[in-house]
Amino acid sequence: MSDAVKTVDDMEFSPAAAPLAEKLLDPALEILARYPLGRQRSALLPLLHLVQTAEGQVSPAGVAFCAEVLGINKAQVGAVATFYTMYKRRPAGEYLVSVCTNTLCNVMGGQEVYDQLVEHLGVGHDETTADGKITLEHAECLAACDYAPVVTVNYDFTVDEATPEAAVGMVEKLRAGERPTPSRGARLCTLRETQWQLAGYADDRDGAVADGVAGAPTLRGVTLAQEHGVAVADFNPDTPIATTKPARDESAKPVKDASPARRKRAEPGRGAPATGGKDPQVRTAEERHPNAATPARGNPVTSSGRPAPTNPAEAEGMAGNAPAGDAKPAGDTERGESIVSEASAAQERGGPEEKK
Amino acid sequence: MTQPRREVLQKLTPVLTKRWLSPDAWKIDTYERLDGYSALRKALDVHPDDLIQLVKDSGLRGRGGAGFPTGLKWNFIPQGDGKPHYLVINADEGEPGTCKDLPLMTYDPHSLVEGAIIASYAIRASRAFIYIRGEAVHAARRLRYAVREAYAKGYLGENILGSGFDLDLVVHSGAGAYICGEETALLDSLEGFRGQPRLRPPFPAVAGLYASPTVVNNVGTIASVPYIVLGGADWWKSMGTEKSSGPMIYSLSGRIANPGQYECGLGITLRELIELAGGMKPGHSLKFWTPGGSSTPLLTAEHIDTPMDFEGVAAAGSILGTTAMQIFSDQDCPVYATWRWLEFYHHESCGKCTPCREGNYWMVRTYRRILSGEGTPADLDTLQDTADNIFGRSFCGLGDGAATPVVSTLKWFRQDYLDYIEGRTAPRLSAKALVGAH
């Protein structure tokens with residue numbers, strides 16, 4: 001087994017996850033620290049964004065890395081990764097060009113914009129040009145209907161009130177290595193840099209946060225009001241609040257959940273949260289429904305958490321049958337590796353031990 | 001383009017949108033100069049229960065679509081239960097037509113942060129999350145920057161402004177799933193799961209995030225709170241109607257001269273809003289429109305004088321929703337529009353409930369058949385039947401939302417369907433047009 005598991009400092013990762021762990025363990029642990037103790041699974045969405053910064057997609061290795069950092073199994077991560085459209089299952093290009101083709105953008109010309117880009121780039125939905133520059137997609141409502149039809153690049157609003165010509169001109173610039181100025185978003189960066197921000201990190205590029213002025217449609221109502229001197233009357237910021245109680249008493253204090261200590265790479269004991277030896281699926285159920293662990297009233301409970309059998313025959317049958325999990329894939333181990341690969345690894349080492 | 005009349009202009013109520021005119025309002029120094037964080041100081045000087053009462057008195061109702069009274073929602077949080085409480089802000093704006101929260105977070109992010117601190121104090125939460133739509137990267141940039149500034153100034157973190165109140169605020173980006181705008185799906189997503197709705201009860205107020213009492217509020221709702229704290233409940237109620245108080249950001253898009261965001265008191269009519277927007281686009285006349293995003297039953301030109309508040313729109317047989325008015329003209333086809341919405345609902349159905357998952361799949365196919373000129377009159381019955389079997393038979397509102405454009409276009413525009421079926425309208429879909437279909 002010596003070469004089956006690689007070690008990064010003191011935390012063990014499977015061979016599949018180890019290369020990503022080398023690159024991403026520190027930010028991954030920072031992300032975990034944002035969520036309450038014992039609730040680290042909340043970090044899964046940002047972790048998947050993080051994995052994409054290194055891989056341009058969520059590959060099986062990325063799934064394994066997330067699973068091992070969180071102490072859940074790969075099926076649980078895979079179920080989440082495949083649910084959300086922003087997690088790509090093929091390597092995406094440097095720029096993701098999204099055209100809104102939902103109803104309003106569609107009738108305002110978004111479908112023509114999309115069709116023209118398909119023809120011009122020679123790729124379809126969720127496909128990448130051969131030079132690896134551009135992934136094209138048609139998107140659902142991008143929440144900018146007052147600028148319809150809209151085109152985003154790496155999710156930043158880049159072409160408003162788009163025409164096929166404007167969109168083609170923009171992608172040509174991208175292919176030529178230029179970075180056109182987005183209409184309302186920040187200066188363009190690569191998709192992987194955007195994904196770094198999606199993982200919850202600030203955009204530290206000089207001036208990027210300040211980029212993007214409000215367009216005329218956004219300001220239309222408030223500008224009209226200003227031009228015509230319309231304001232809401234009688235606004236007095238010192239209006240008193242009716243009080244019935246003193247400001248500070250015990251009933252005003254929140255109950256706090258536990259924050260995890262920020263773990264650094266060099267500290268021992270960091271990595272996956274303590275699992276208490278429980279199956280990930282059981283842990284998940286208990287965390288989400290604290291009452292799930294409550295034993296049935298009046299019945300003695302066996303060590304597995306099931307009610308004790310009431311007669312010897314039942315006891316015998318129970319002893320011989322492990323309970324079937326309701327979601328955990330058969331054969332997965334605590335760490336998420338399949339027993340099939342373990343068995344084949346054992347064979348490579350000279351056959352199963354029982355045959356000795 | 002026509003100039004709006006004075007009496008219509010007077011219906012504008014720039015409150016939440018006012019700071020958008022200051023290009024640097026997203027920076028904390030500018031924000032502070034424009035009344036920023038003064039509501040927080042005021043709020044921390046009173047008991048949380050008095051704040052809840054203030055919000056109740058203001059009549060503020062949720063801005064995310066359902067219009068539930070905000071103070072009541074806060075009041076449902078059991079106090080003294082020994083559990084941590086959470087505030088979760090729903091910033092997963094994605095309802096087709098809706099574009100009010102993204103500009104608010106981009107151009108005035110501190111108003112949301114300040115509202116979040118006040119709301120957390122009121123419900124006794126020491127941890128709050130803003131679940132922002134993944135695609136909203138620029139709004140998230142500004143929001144994360146604002147949160148960092150607020151920490152640096154002592155508005156977030158420990159012992160806020162010396163009050164002894166602590167709050168951690170995390171901006172959490174989603175990953176592209178419309179369903180996560182549904183509050184229980186959002187909570188599942190925030191817990192690191194597939195975003196699928198939960199069966200209620202228990203409601204989030206009792207068992208929400210991490211099975212703890214949780215308030216889930218829309219961006220617009222939370223951003224309204226500082227203004228209520230400053231101006232008081234009576235001032236707030238001077239806008240809007242008796243049962244739908246306050247200002248609302250109306251998102252107008254489509255076949256009008258000046259699409260955009262118009263903040264007016266609740267109860268304004270579409271006729272007045274179109275006037276503010278400079279009239280219809282030349283050569284277009286109003287045919288159908290959504291009062292609050294595509295999940296609300298469509299209305300027609302005859303509903304142009306319906307008051308756009310919760311009660312008025314309900315009386316017209318629709319829902320106020322997110323006040324996202326997508327305006328379509330006589331040059332737009334309601335059958336085509338509905339097909340495209342259904343492609344959306346079909347794509348975004350999370351797959352949990354059979355009626356929504358399967359029903360949308362089949363309705364999309366029926367629409368494609370009609371639009372490619374191969375429909376039969378029986379298809380209309382099939383559509384009606386399918387929609388009826390989706391409506392009210394799913395865990396969350398996505399299924400209902402998908403059924404509404406079908407039912408409402410069949411009701412108002414049956415002839416448009418028959419024109420395709422009977423060959424009077426040329427087919428809209430060909431192999432090329434279907435490239436964009438999933």
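Which residue in β4(B) does L87(B) stand opposite? The residue opposite L87(B) is V215(B).

## Basis of the model

This is a predicted model, in which local features need pLDDT of at least 70, side-chain atom pairs count only at pLDDT 80 or more, and totals for chains, interfaces and linings use all residues. Residues are numbered from 1 along each chain as its sequence is written, and chains are lettered from A and ligands numbered from 1 in the order in which they are written.

## Sheet of chain B

Strands (E, at least two residues) and helices (H or I, at least four) are DSSP runs, numbered from the N terminus. Four strands of chain B form an open sheet in the order β3-β2-β1-β4, with parallel pairing; two strands pair if DSSP finds at least two bridges between them. Its edge strands are β3 (168–173) and β4 (214–218) of chain B. Strand β1 (residues 85–91) of chain B is joined to β4(B) by 5 bridges.

Helix α7 (residues 109–123) of chain B packs on the sheet, and its direction makes about 150 degrees with that of β1(B). For helix α9 (residues 183–190) of chain B, the angle with β1(B) is about 110 degrees. Axes are lines fitted to C-alpha atoms, for helices over the stretch in contact, and angles run from 0 to 180 degrees between N-to-C directions.

## Contact between the chains

The contact takes 89 residues from chain A and 99 residues from chain B; two residues are in contact if their C-beta atoms, placed from the backbone, lie within 7 Å. Helix α8 (residues 137–152) of chain B gives the most to the side of chain B that touches chain A, with 8 residues.
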